[in-house]
Amino acid sequence: MPRNFCRRRWSAASLLATLFICCNSTAAQTDRTSENVTVVIDAGHGGHDRGGIPGQRFSEKDMTLDVAQRLRNVLAASGYRVVMTRDSDVFVPLATRVAIANSYRNAIFVCVHFNATNRMGAGGIETYFYSRDSLPLASAIHHFVVGGAPSASRGVRRRGYYVLRKTNIPAVLVECGFLTNPTEAAYAGSASYRQKLAEEIAAGVRGRNIVGSASYVDQTKVAKSEHRRSKRSQKKGARKKKSSSKPAGSEARSGSIDRES
Ligand SMILES: [Zn+2]
């Protein structure tokens, strides 16, 4: 369902700011929110880490990279400085992704993922954050992606994913739908839909100071048990204390399988 955010009822200040964006679509010169801001874009997975669950038709790593590259193009056209944690089908450890993000000041971090689960009917968009400073960005990205996608909203969620916990800049992880859901997989398989996703995420980046904070589901308790499971599958043996200080091998895989309960 297409969204027209110009019609939303907001405060006068918000409306003015929104109109500014709506009426000045000639990107770079007009997007004041881009001033000096670096957007670090993190395409989930890559290389040997395909993401998702075994046997799913679309490889998550390819979808995330495609959306991330489209997002880069949209944001760059709006005047943002953009950095990619990966720009090809390579594996980048989570700690490296975080280090890249943390090397920039006045930056924000956007992780792009797709979801997966063994329950084929599961679907919808989820947006994750961890630090309170990241909530406005998460809220805005979720607002726009859900508004522009036919998929349902599964809400804004707070959760301790490594890339969200360890980054010291506003950081968000958006799950752009379930590749294990036939309908959502079909959408994701369309280049025009992936472009739409990129544009909506970009709208969220631009609108991060306008939309306001959404209510959210706190899943920070779930994260610990999930890291535990993820680590067990990666490296049998290692432990409990380290779950809070070391990255799980695959953020997305741990998240997706267990996420919907
Ligand atoms: Zn993922």
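Which residues does Ser59 touch, not counting residues up to four places away in sequence? Ser59 touches Arg50 and Leu179, where contact means heavy atoms within 4.5 Å. The legends below begin with the whole protein and return to Ser59 in its own view.

The model shown is predicted, so local features need pLDDT of at least 70 and side-chain atom pairs count only at pLDDT 80 or more, while totals for chains, interfaces and linings use all residues. Residues are numbered from 1 along each chain as its sequence is written, and side-chain values use heavy atoms, with hydrogens and water left out.

**Figure 1. Overview of the protein, with its ten helices and seven strands.** Helices (H or I, at least four residues) and strands (E, at least two) are DSSP runs, numbered from the N terminus. Of the 261 residues, 53% count as buried; buried means under 20% relative accessible area, exposed means over 50%, and partly exposed lies in between (1.4 Å probe, protein chains only). The accessible surface comes to about 11700 Å², and carbon and sulfur atoms account for 52% of it. Accessible areas come from the Shrake-Rupley method with a 1.4 Å probe, and for residues only the protein chains shown count as cover. Among contacts between residues at least 6 apart in sequence, 81% join residues at least 24 apart.

**Figure 2. The zinc ion and its donor residues, His45, Glu60 and His113.** The zinc ion is coordinated by NE2 of His45, OE of Glu60 and ND1 of His113, at 2.0 to 2.1 Å. In sequence these donor residues follow the spacing H-x14-E-x52-H. Glu60 belongs to helix 3 (residues 60-77) and His113 to strand 3 (residues 107-115), so this pair ties together parts that are 53 residues apart in sequence. Donors are N, O and S atoms within 2.8 Å of the metal (3.2 Å for Na, K and Ca); water is not among the atoms, so sites may look incomplete. Glu60 is buried, with a relative accessible area of 0%, and His113 is buried as well, at 4%.

**Figure 3. His45 and Asn106, two residues with a positive phi.** Most residues other than glycine have a negative phi. His45, which is not a glycine, has a positive phi of about 65°. This residue is found in the loop between strand 1 and helix 3, and His45 counts as buried at 3% relative accessibility. For Asn106, phi is near 50°, again a positive value in a residue other than glycine. Asn106 is found in the loop between helix 4 (94-102) and strand 3. With a relative accessible area of 47%, Asn106 is partly exposed.

**Figure 4. Ser59 in the loop between strand 1 (38-43) and helix 3.** Ser59 is buried, with a relative accessible area of 9%. Beyond residues up to four places away in sequence, Ser59 touches Arg50 and Leu179.

Figure 5. Strand 1 pairs with strand 2 (residues 81-84) in the parallel sense over four bridges; two strands pair if DSSP finds at least two bridges between them. Thr38 stands opposite Arg81 in strand 2. Val40 is buried, with a relative accessible area of 0%. Leaving aside neighbours within four places in sequence, Val40 is in contact with several residues, including Val83, Ile100, Tyr104 and Phe109. The C-alpha atoms of Val40 and Arg97 are separated by 9.3 Å, although these residues are 57 residues apart along the chain.

**Figure 6. Aromatic rings, with the pair formed by Tyr128 and Tyr161.** The structure holds three aromatic pairs. Rings of Phe, Tyr and Trp (its six-membered ring) pair if their centres lie within 6.5 Å; planes under 30 degrees apart count as stacked, over 60 as edge-to-face and the rest as tilted. One of the pairs, Tyr128 with Tyr161, is edge-to-face, at 5.2 Å centre to centre and with 70° between the planes. Tyr128 lies in strand 4 (residues 125-129) and Tyr161 in the loop between strand 5 (153-158) and helix 6 (162-165), so the pair ties together parts that are 33 residues apart in sequence. Tyr128 counts as buried at 0% relative accessibility, and Tyr161 counts as buried at 2%.
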